[in-house]
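Q: I would like to go through the strand pairings and the chain contacts of this model. Could we begin once it is on screen?

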Amino acid sequence: MRLLTVSQLNSYLRELLEADEILQDVWVEGEVSNFNRHTSGHCYFTLKEGDAQINAACWRTYAARLPSLPANGEAVLAHGRVSFYEVRGQLQLYVDMIRPAGVGLLQAQFEQLKARLEAEGLFDASRKRPLPELPRRIGVVTSPTGAALQDILNVLRRRYPLAEVLVSPCQVQGAGAAESVVEALYALYDAAPDVIIVARGGGSIEDLWAFNEEIVARAAFASPVPLVSGVGHETDTTIIDYVADVRAPTPSAAAELVSPDVAELAAAVAALAEELDFAMARRLEDARQALDGLRARIALRSPAVRVQRDRQTLDELLRRAGAAVGHSVALRAARLEGLRAQLAALSPTATLERGYAVVRRAADGRVVTSPEQPAAGERLEITVRGGTFGAVKQDGP
Amino acid sequence: MAEQDQTYEALFARMQEIVAALEAGELPLERALALYEEGMTVAAACQRLLDEAALRVQELQSGAGLRLGAEE
C-alpha cells in the first residue's frame, strides 16, 4: 500500500506506458472523429471503434508530412506511441503517421518507414556509389538453400568466373529473418568483399518483409562497399531497394549488374593487344623514318659525294682546258698559214721572177747592196730566176 | 614478374599502362620493345586467366547456424 500524490501517480503511469515496447511502436485502426486542427498546427482527434475510443494528438511536424489530413468518419491506420498526458490525466495516442485503412497494415508500415528513412537521407542519390568494374570478391547475402543463390552463381559462372564469391548465409523469411540478414551483412563487412548482393527470390509481401525492416535498412546503409539489392520479382519494391547503391529487379539481375561479361573482357584484352601492336608498329615506323632521314642527311655529307663532285669538276676543267688548247692550236696554225702566205709574198723568188737578180759575196754569202761593198776582183754569186752563177767585180763603177 | 600471382585486374591495368606508355611515343626504342614484349605476355596471361577461370565459392562460417532457415 502506498500513498502517492497525483503528480507522482501520473508520472508513474507515464513511465509505465513508455516502458512498454508494443505501446511505443503501434498501429491503431479506427475511425477519426472530433478532428481539430489547432492554430499552432498541431492536430487533435479521437480514434473510435465500436464503443471504444482514445484521444490522439499529431504534432505539427508530423501533420505537415501527411499526404492529406483525415476527415471525421474516415477509417484510418494511425501509427505512433501511447503515453500519458499528466496535466490532464489522460491517455493519449501520439500519432506520427496516418494512412487510409484500406491500404493494409504492412503497406502503411512500409510507407511510414520509407518516409522516415527518406527524411533522414538514407536514400539520397548523392550517396549512391558506382559498382566496381572488376570486382574480385563478390559477397552474397541470401539463403544458402534458396533458388536465388543458385541463380546468382549460375550468372556469375557464365559471365565472370574470375570472381570469388563469399556467401554469407542468412534466413530470409520468418521470425528473426531481419536479425539474421543484419548479422550476415556485418559478417560480410568483416570479410571485405568488393561488392555485396543482398538477394531473395520472389514471394508475398509478408515473405519479403525482412527486407522492409528498419534494422536491415540501416545495416545495408552502413555497407562499406557498394551494395546491390535483388529482392523478389521486378514488381516488388522493398525498403532495402531504396537504401542499396543499385537496385536490381531480381537476384539474377543483381548478379548481372555486378559482373562484367567474360566475353567482353576477352574482347577488351584483344583490343588492347591490338592497340599495343599498333602502337609498337607506329613506334618502329617512326624510328625507321627517323633513321632514313638521318641516313639521307649523312649521305649528303659523305666524302664520297665530294670526291664524286670534285671528280666531275676536274673532268669539266680538263674538258675546258682541252677545248681551250685545241682552239689555241688551230688559231696558231691559221696564223702560221697567214705568215707563210705573207712570207711567200715577200720572197725574193717572186722578185726574181720579175727579172731581178740578187748579188752575194761568194766569201760570206752576204747580199751586196752597194757598188762599193765588194772589193775589185772579188768573187760574187748572182742569182736569177733560173739559178745562180759566178761573177767577178771589175774596177770602177 | 610472376604472372600466376597476378590478378586479372592487375594484369589488365598493367596492359592499359603499357599501351598508354607506348602510345605516348617518347620512349627509347629499346624500352618500347621491352614494353611491347611485356604487353604481349600480359595479354596472353589475361587471356589464359579468362579461359581457365572457375568461379570459387566460399561460405562464411559466421552465419552457418542459420542454414536451416528455409526459403520457398
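Q: Which residue of strand 2 of chain A stands opposite Glu31(A)?
A: Glu31(A) has Lys48(A) opposite it in strand 2 of chain A. Strands here are DSSP runs of E with at least two residues, and helices are runs of H or I with at least four, numbered from the N terminus. This is a predicted model, in which local features need pLDDT of at least 70 and side-chain atom pairs count only at pLDDT 80 or more, while totals for chains, interfaces and linings use all residues. Residues are numbered from 1 along each chain as its sequence is written, and chains are lettered from A and ligands numbered from 1 in the order in which they are written.

Q: How many bridges join strand 1 and strand 2 of chain A?
A: Five bridges join strand 1 (residues 26-37) to strand 2 (residues 43-49) of chain A, and the two run antiparallel. Two strands count as paired if DSSP finds at least two bridges between them. Five residues lie between these strands in the hairpin, where Gly41(A) has a positive phi near 105°.

Q: And what about strand 2 with strand 3 of chain A?
A: Strand 2 pairs with strand 3 (residues 52-58) of chain A through seven bridges, in the antiparallel sense. Thr46(A) is opposite Asn55(A) of strand 3. This hairpin has two residues between the strands, and Gly50(A) takes a positive phi near 60°.

Q: Which residue is the bridge partner of Arg361(A)?
A: Leu380(A), in strand 12 of chain A, is the partner of Arg361(A). Strand 11 and strand 12 (residues 379-384) of chain A pair antiparallel over four bridges.

Q: Now the interface: how many residues of chain A are in contact with chain B?
A: 45 residues of chain A are in contact with 37 residues of chain B, contact meaning that C-beta atoms, placed from the backbone, lie within 7 Å. Helix 10 of chain A gives the largest share of the chain A side, 13 residues.

Q: How do strand 7 of chain A and strand 1 of chain B pair, parallel or antiparallel?
A: Strand 7 of chain A and strand 1 (residues 56-59) of chain B pair in the parallel sense, over four bridges. Val165(A) is opposite Val57(B) in strand 1 of chain B.

Terms used. Contact = placed C-beta atoms within 7 Å.
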